[in-house]
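Me: I have a structure to read, and I am new to this. Can you take me through a sheet and then an interface?

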Amino acid sequence: MCGIFGYKGKGDAVAILTKWLQRLEYRGYDSAGVCVVNDDNVMYRERAVGKVAELSSKLQQHKDRSYTRGIAHTRWATHGGVTESNTHPHQSNDGKRTIVHNGIVENYSKLKKELEKKWYEFHSETDTEVVANLLQEHYDSNTANMLETAQILQKLIRWAYALLIMHSDHPDEMIAIRLWSPLVYATNTAWEQFFSSDTQALAGYAQQMTYLEDGDLLHIQGDTYTIYANGEVTKRNIEDFDQEALEASKGDYKHFMLKEIYEQPVTVKRTMQWRVNFDTMSLHADTFHGMGNEDYKKIVTVACGTMHHVWWLWTYRLQNLAWVPAYAEIGSEYENKPFFVDPSVLHMFLSQSGETADTLETLKMVKEQWGKTLGIVNVVWSSIARETDNGLYVRAGTEIGVASTKAFITPSVLMLLTSLFLGKRRGMRLTKYQQIMRELQHLPAYIETVLDQSDHIRSIAMDLIQYEDFFFLGRGYQYPIAAENSLKFKEITYLHSEAYAAGELKHGSLALIDEKFPTIYNLPHDEMYEANLSNFQEIKARKGKICVIWDKRVEEADRQITIPETIDEIYPFLTAVAGQLLAYHVADLLWNDIDKPRNLAKSVTVK
Ligand code: M6R
């Protein structure tokens, strides 16, 4: 989703800003732009639709490299189509203020109408251009105070935003404001100052950083800066910046997604490392910080997309293994129904990026009611990590592919560990506990076995590309996995797929089954196997084609992906990895842009 960057120093602003735009390309965007200024206050703005490479080639034609400050943006269209005129940076009518913006100004259309009455003209359909003109409208030329105008702006616009503002009459100043959209300010000993919506862009440049909080305004004047909260000068923590430069590399893999699928045996080991001692079959209690101290009567989990499927699977396990009532809620929906927060309820938030707006907003609502919160995130120090009372890091490593793979499997493993942790405290049978621990130890090897079938899965994919509609079925633990496999499939293949609880098919959707509507059926030999077989026969009787993912061969299936034989709690990881490979190969055979699927973004920071 949108990325914003700011630079002020002595270096080549065009080169630095372009580098950051490239680093964050994987997050998904549809256009990009920069605006830079040199020491003589000459301004240069360039914008382009498409990849950062399009913008770079325009920038290369402009030979002047004297620019030492500027702002840049990658846009993921919300207000208005993907056009150059809608691409950031945007300027006020008099051309003096230039801004970049992440988020959505919800009351922009009312504000725009008021400005139109005052003869302001608009050259884009964006909410951001309204903000640029509001800055012009409220700038008092007598006091000529850029800070004051930005403070007025904060009172006028309704969230969410992270904004960077430059003003040509104030060449040595720059202003950043944020409310609910991530923004970090960073510095180094060379007196360079940086802003970014994602710390990864700054690796190798920044030495110290400050996370701005909701409502903060940061004002740069020369080499110094001041932070204001509610109009008052305030201080924020300054932290050492210790991220290593991440120059993402696909290695020998054709796509990041494939690389990340293959990384899973290692990331699973990393997630378990320190938390599990397989020699003593024990869990390190202190690594489950915030989970076990209290007897929660109920756990509510909140997340979006793939992460919701992690929770969904976990609620089954938690209820089975630890007898804690648990409810998996979708981030964008939970806020739409009245919910009650009391001390016996734990709200848990899961997010790979830690910045998903729908999840973050619900978290803030729970906190407003003094609810207890726990975060599970992959990106260290992301907003959800900082906002929750306690938390666990997933340790999946950076995930570049928009379609989550290792960021699904690793939190799923982590959550199985938490079920064991809570289950043990609540009287779980020792034999069950030991059985799961033993199989968890073999999990990396089991995943390797599924990965070894990649060529076979590709041959199945060759057959499947002739179809346009698919069902993904599962029961019990396999139902959330069917949902996850279906999401992955539609996300990168652009083919229609629907996930169903296998037993639910006969209550209506079976009507769609014929020889042109194949089913991908998660059918391991778990507790649900017998019940599944009757649904299997119902589909066959209607000439439906079935590709099964299972551990024991059954002759009637049209296509089979075989996974290792294990136990009910471990099968979901294996059927999920098989589903990832299936989606990947179908998408690859269809020549789709797998790492950056159309219309999608890696980090969804708007509602
Ligand atoms: O960053 P998050 O984990 O909070 O993202 C949530 C979803 O947007 C994300 O899982 C999405 O569904 C994936 N692209 C699916 O592969």
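Reply: Strands β8 (residues 173–179) and β12 (residues 216–221) pair antiparallel over five bridges. Strands are DSSP runs of E, at least two residues, and helices are runs of H or I, at least four, numbered from the N terminus. Two strands pair if DSSP finds at least two bridges between them. Within this pair, M174 has I220 of β12 as its bridge partner.

This is a predicted model: local features need pLDDT of at least 70, side-chain atom pairs pLDDT 80 or more, while totals for chains, interfaces and linings use all residues. Numbering runs from 1 along each chain as its sequence is written, and side-chain values use heavy atoms, without hydrogens and water.

Me: What is the strand order in the open sheet of seven strands?

Reply: Strands of a sheet pair through backbone hydrogen bonds, either parallel or antiparallel. Here the order is β5-β6-β7-β8-β12-β13-β14, with antiparallel pairing. β5 (90–91) and β14 (232–234) are the edges; each has a single partner strand, so one side of each lacks a neighbour in the sheet.

Me: How much area do domain 1 and domain 2 bury between them?

Reply: The size of an interface is often given as the accessible area lost when the parts come together. The probe is 1.4 Å, and the loss is summed over both parts. Domain 1 (3–246) and domain 2 (250–451), bounds from an automatic or database assignment, bury about 1100 Å². Y26, W180 and Y211 lose the most on the domain 1 side, together 50% of what that side buries.

Conventions. Buried area = accessible area lost by both parts, 1.4 Å probe.
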